[in-house]
Each structure stands twice: as structure tokens, then as C-alpha cells.
Amino acid sequence: MTYDDNNVFAKILRGELPCHKVYETDQVLAFMDVMPRGDGHVLVIPKIKARNLLDVAPDDLAELVKAVQIVGKATKNALSADGLTIQQFNESAGGQVVFHIHFHVLPRFEGVALKPHTGQMEKPEVLADFASKIRAALAA
């Protein structure tokens, strides 16, 4: 399979689509999922072109996973979550919908189930509030 330069994450990286940024380095970008499965759902992506875990270079994957850990810790602290779920999907049969490698960072709360991935968009002001809280935890 080949990389599609017109996927939604490539458009976000090029600045063609907006996002609520949480964390950014020269190698990675983390932002709020606009269709969250729970409060504080963050996506972490590399800035390089890679379809998924099956074709990403090991060094790029290492930088991506470092960012997942940084964002995960900040998200858990910022939202006083009880735990985290980290998800990563590969190819359609594996549940991948956007074909640019990414990790889902989902803060988890005792007794609160994840919402199904329905495509329902969250209000921008809600996403902005979560992003602000997580950025503050990163700075602390």
C-alpha cells in the first residue's frame, strides 16, 4: 500500500486543516481528536510520511512513541484520569481509518466506558479547553 498525501493528517501537517495542538516537536505533532471516544482523546502523529506501523522507519517510530509517553503522562495528570488506553491500528482489516500512522491517547476514568467511534464531532470550545489543560500539564 502507498501513502496518500491527501489524508486528513497530511492536510493538518500542511496547515490546510485546523487542529487543537497539544504538543509539537520537529518530528511529531499531538492534537485533540475531533471525534473523541472520551474526554481528552489526543492523537499523536509523526511529521514524516508513513502509512502505519508496517512501513514507518524504526527511528521515526521511536520518536513517535517517546511523544506518546510524554503526551500520555501530561494527559493523565491534566485530567486526573485513573489510567490510559493507547491504541494504534494498521490497515483497514486492523481498524485503521486514516492512513497516516498515529496513536490514540485516551484518558480513562473508573466506570466510564469509551464512546463508540461514531463520527460525531466535538464542539471546538470543548477541544480547546482540553488542549489548554494538557499543554499546561506539559509545561509544569
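**Exercise 1. Find the contacts of Gly72 in this predicted model, leaving aside its neighbours within four places in sequence.**

Solution. 

Step 1. Locate the residue. Gly72 belongs to helix α2, which spans residues 58–78.

Step 2. Set aside the neighbours within four places in sequence; Gly72 is then in contact with Leu84 and Val105.

Step 3. Check the accessibility. The relative accessible area of Gly72 is 2%. Buried means under 20%, so Gly72 is buried.

Step 4. Compare sequence and space for another pair. Between Gly72 and Thr85 there is a separation of 13 residues in sequence, and their C-alpha atoms are 9.0 Å apart in space.

**Exercise 2. Is Thr75 buried or exposed, and which residues does Thr75 touch, not counting those up to four places away in sequence?**

Solution. 

Step 1. Thr75 is also a residue of helix α2.

Step 2. The relative accessibility of Thr75 is 0%, so this residue counts as buried.

Step 3. Not counting residues up to four places away in sequence, Thr75 touches Gly40, Val42, Val105, Pro107 and Ile134.

Step 4. Val105 lies in β5, and Val42 stands opposite it.

**Exercise 3. Work out the order of the strands in the sheet and explain why one side of β1 and of β4 is left without a neighbour.**

Solution. 

Step 1. The sheet is open and has five strands, in the order β1-β2-β3-β5-β4. Their pairing is antiparallel.

Step 2. Look at the two ends of this order. β1 (21–24) and β4 (83–87) are at the edges, and each has a single partner strand, so one side of each has no neighbour in the sheet.

Step 3. From one strand to the next, the twist averages 20°.

**Exercise 4. Go through the strand pairs: how many bridges join β1 to β2, β3 to β5, and β4 to β5?**

Solution. 

Step 1. Begin with β1 and β2. Three bridges join them in the antiparallel sense. The two strands form a hairpin, with three residues between them.

Step 2. Go on to β3 (residues 42–46) and β5 (residues 103–108), which pair in the antiparallel sense over three bridges. Here Val42 faces Val105 of β5, and Val44 is opposite Phe103 of β5.

Step 3. Finish with β4 and β5. These strands run antiparallel and are joined by five bridges. Gly83 stands opposite Arg108 in β5.

Step 4. Consider how well β5 is covered. Five of the six residues of β5 are buried, and the strand is mostly covered.

**Exercise 5. Which strands does helix α2 touch, and which strands does helix α3 lie across?**

Solution. 

Step 1. Helix α2 packs on the sheet and touches β1, β2 (28–32), β3, β4 and β5. The direction of α2 makes about 20° with that of β5.

Step 2. Helix α3 (residues 124–139) lies across β1, β2 and β3. The angle between α3 and β1 is about 35°.

**Exercise 6. Describe the largest pocket by its volume and its lining.**

Solution. 

Step 1. The volume of the largest pocket is about 600 Å³.

Step 2. Its lining consists of 29 residues; Phe9, Asp33, Val34, Met35 and Leu43 lie nearest the centre.

Step 3. Sort the lining by class: 17 residues are nonpolar, eight are polar and four are charged.

Step 4. Assign the lining to elements. At least two residues each come from α1 (8–13), β2 and α3. The most is given by α1, with three residues.

**Exercise 7. Ser80 and Glu91 each have a positive phi. Where is each residue found, and is each buried or exposed?**

Solution. 

Step 1. Ser80 is not a glycine, yet its phi is positive, at about 50°. Ser80 sits in the loop between α2 and β4.

Step 2. The relative accessibility of Ser80 is 59%. Exposed means over 50%, so Ser80 counts as exposed.

Step 3. Glu91 is not a glycine either, and its phi is about 65°. Glu91 is in the loop between β4 and β5.

Step 4. With 19% relative accessibility, Glu91 falls under the 20% cut-off and therefore counts as buried.

Methods
Residues numbered from 1 in each chain as written. Predicted model: local features only at pLDDT ≥ 70, side-chain atom pairs only at ≥ 80, totals over all residues. Heavy atoms only, no water. Pairing = 2+ DSSP bridges. Helix = DSSP H or I, 4+ residues; strand = E, 2+ residues; numbered from the N terminus. Axes fitted to C-alpha atoms, helices over the stretch in contact; angles between N-to-C directions. Contact = heavy atoms within 4.5 Å. 1 Å grid on protein atoms, 1.4 Å probe; cavity = no way out; pocket = protein on both sides within 12 Å on 5 of 7 lines; lining within 4 Å. Points joined across faces, edges and corners; volume = space filled by probe spheres on them. Nonpolar A, V, L, I, M, F, W, Y, C, P; charged D, E, K, R; others polar. Buried < 20%, exposed > 50% of the residue type's maximum accessible area, 1.4 Å probe, protein only.
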